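Please keep the sequence and the model in view while reading.

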Amino acid sequence: MIFSSLISVLEVLLVTVPALLTVAFVTVAERKTMASMQRRLGPNLIGYYGLLQAFADALKLLLKEYVSPTQSNFILFFLGPVITLIFSLLSFAVIPYAAGLTILDLDLGILYLLAVSSLATYGILLAGWSANSKYAFLGSLRSTAQLISYELILSSAVLIVILLTGSLNLTFNIESQKAVWLLFPLFPIFIVFFIACIAETNRAPFDLAEAESELVSGFMTEHAAVIFVFFFLAEYASIVLICILTSILFLGGYLIDITPLIYLFNSISNIFEITILLTIYLTLNIFTGLELMADWLISNLYFIFNIKQILMYIIYNEWHGPNLYETELYKSTALAIDSMKWEISTWVNASNLTKNEILSTISSIFINFNTLSVIDTVQLETNYISIFNNTSNSFISGLISSIILGVKSSLMIFTFIWARASFPRIRFDQLMSFCWTVLLPIVVAFIILVPCILYGFDILPNNISLL
C-alpha cells in the first residue's frame with residue numbers, strides 16, 4: 001500500500017515538475033520571440049541568453065510582501081488562484097507522451113480534459129468576486145462569459161474529430177492518424193479550433209478579461225506576490241496543455257512518418273551527385289578528352305558506393321544485429337553495388353567504345369544508382385518500423401515519440417506567440433459577436449456535413465456505426 005502510494009506520488013512529480021519547468025521557459029520564449037518580432041533584445045542578462053529570467057521573476061514575486069484587500073473574502077480570495085492552477089495541472093494526467101506513456105489512459109480522456117478545463121473557470125470567477133473590486137469583478141465576468149462561450153466552439157470542434165476517430169481515448173485518436181493527420185481533411189475545423197483555443201486561454205487578441213487599458217489587470221488586479229504566481233503559472237500551463245491537445249487531435253501527436261523525408265533526401269542526394277558527375281564529365285570532355293574523365297569518374301563512383309556500403313553495414317548491424325548481412329534485402333543491395341562496379345570496370349577497360357556507348361553506359365549506371373536508392377529507402381523504412389515495434393528499444397521509442405510531440409507542441413506555442421504579436425485587441429462585444437454569429441454557425445454546419453460524408457461513403461468508425 002505504501003509502495004503503491006509512493007509510486008503514485010513519483011508519477012505525479014514526474015509529470016508536474018517538467019510541466020512547471022516548461023511553463024517557466026515558455027515565458028522566456030515568449031519574451032524573446034516577441035522581442036525579435038519587434039526588433040528588441042528581450043531578456044539577455046540573467047543566465048546564458050536570458051534563460052534564467054523566469055526563475056529571477058519567480059524569486060522576485062515570492063519575496064514580495066503578500067497584501068490582500070481589507071474588504072475581500074480572504075478564503076475565496078486565496079482559493080481562486082489555487083483552484084485555477086490545480087485544474088490546469090490536472091489535465092496533464094491523461095496526456096499520452098508516447099504509446100502507453102501516460103498516467104491515466106482513460107477511455108473518456110477527451111471528456112475528462114473538457115470537464116477539468118471548464119472547472120478552471122470557477123477559480124477565475126471566485127478570485128474576481130471575492131476581491132470586492134469593480135475592476136476584478138468585471139474581469140471575472142468577462143472571463144466567465146468568454147470561456148463559457150468559446151468552450152462550446154472548442155467542444156464542438158473536438159466532436160467532429162471524435163466522429164472521424166470514433167473514440168474519446170487520446171491514444172486511440174493519435175493511432176488513428178497513422179495514415180493521415182486530421183489537419184488535412186479538417187483544416188477549416190483546425191482554424192476554428194485554434195481560434196477557440198486562443199480565446200479559451202485568455203490570450204491576445206482575446207485577452208479582454210485582463211485588458212490593461214480598461215480593467216487595470218482584470219480579475220487578477222488585487223492579487224500580488226505568491227498568489228499572483230499561481231495565476232501566472234495557470235495561464236501558461238493552460239497554453240502548453242492546449243497546444244499539446246492540438247498536436248494530439250490534429251497533428252498526429254507523437255506519430256511521425258519519416259518515409260517521405262527518406263525519399264526526399266535520397267532524391268536530392270541523387271540529383272546533386274548526378275549533377276556534379278555530369279558537370280565534371282562535360283568539363284573534362286571539352287578540355288582534356290575522355291580518358292582523363294574516365295579515370296576520375298571511376299575513382300569517385302567507387303568512393304561513393306563504398307562509403308554507402310560501409311554506412312549501410314554499420315547502421316543495419318547496430319540496429320538489427322550481425323545477422324542482417326545475410327538477409328535477402330542486404331544481398332540485393334550488395335548485388336546492386338557490385339553490378340554498378342562491374343559496369344564501370346567494363347566501361348573503363350573497353351578501349352573501343354564510342355562516345356554514344358559511353359553515354360549509354362553512364363545512363364545504365366545512374367539507373368542502377370536509383371535502384372540502389374530505392375533499396376536504401378525500403379531498408380531505412382523497415383529499420384524505422386522495427387525500432388518502434390521492438391520491445392527491447394522501448395526507452396528509445398518513448399524518448400523519440402516524446403521529442404516528436406514536444407516539437408509539434410512547440411510549433412503551436414510559437415503560433416500562439418505569433419498571434420499575440422500580430423493582432424490588436426478587439427472589443428468585448430466584437431469577441432462575443434464573433435463567437436455566436438460567425439464561429440458557431442460554421443461549426444454546426446460541419447457537425448452536420450462531416451457525418452453525412454462519412455455515412456454517404458460508408459466510412460463511419462466501427463464503434464459508431466454499430467450504435
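## Terms and basis

A salt bridge is taken here as a side-chain nitrogen of Lys or Arg within 4 Å of a carboxyl oxygen of Asp or Glu. This is a predicted model, in which local features need pLDDT of at least 70 and side-chain atom pairs count only at pLDDT 80 or more, while totals for chains, interfaces and linings use all residues. Residues are numbered from 1 along each chain as its sequence is written, and side-chain values use heavy atoms, with hydrogens and water left out.

## Overall fold

The chain has 16 helices and 0 strands, both assigned as DSSP runs numbered from the N terminus (helices H or I, at least four residues; strands E, at least two). Of its 467 residues, 43% count as buried, where buried means under 20% relative accessible area, exposed over 50%, and partly exposed in between, with a 1.4 Å probe and protein chains only. Among contacts (heavy atoms within 4.5 Å) with a separation of 6 or more, residues 24 or more positions apart account for 78%.

## Helix α7

Helix α7 covers residues 187-200, and its end C-alpha atoms lie 20 Å apart, in agreement with the 20 Å that its 14 residues should span at 1.5 Å a residue; the expected span is 1.5 Å times one less than the number of residues. Because 11 of the 14 residues of α7 are buried, the helix is largely enclosed by the rest of the structure. The buried residues include I189, F190, F194 and E200. Just after α7, N202 takes a positive phi of about 55°.

## Salt bridges

A search of the whole structure finds 6 salt bridges. One of them pairs R420 with E30, the closest N and O atoms being 2.6 Å apart, and this pair links helix α14 (residues 394-422) with helix α1 (residues 2-37) across 390 residues. R420 is partly exposed at 34% relative accessibility, whereas E30 is buried, with a relative accessible area of 3%.

D57 forms a salt bridge with R31, with the closest N and O atoms 2.7 Å apart; D57 lies in helix α2 (residues 53-63) and R31 in helix α1, so the pair ties together parts that are 26 residues apart in sequence. R203 and E235 form a further salt bridge, their closest N and O atoms being 3.6 Å apart, with R203 in the loop between α7 and α8 and E235 in helix α9 (residues 225-250). R203 counts as buried at 4% relative accessibility, and E235 counts as buried at 15%. Salt bridges that share partners join E30, R203, E235 and R420 into one network.
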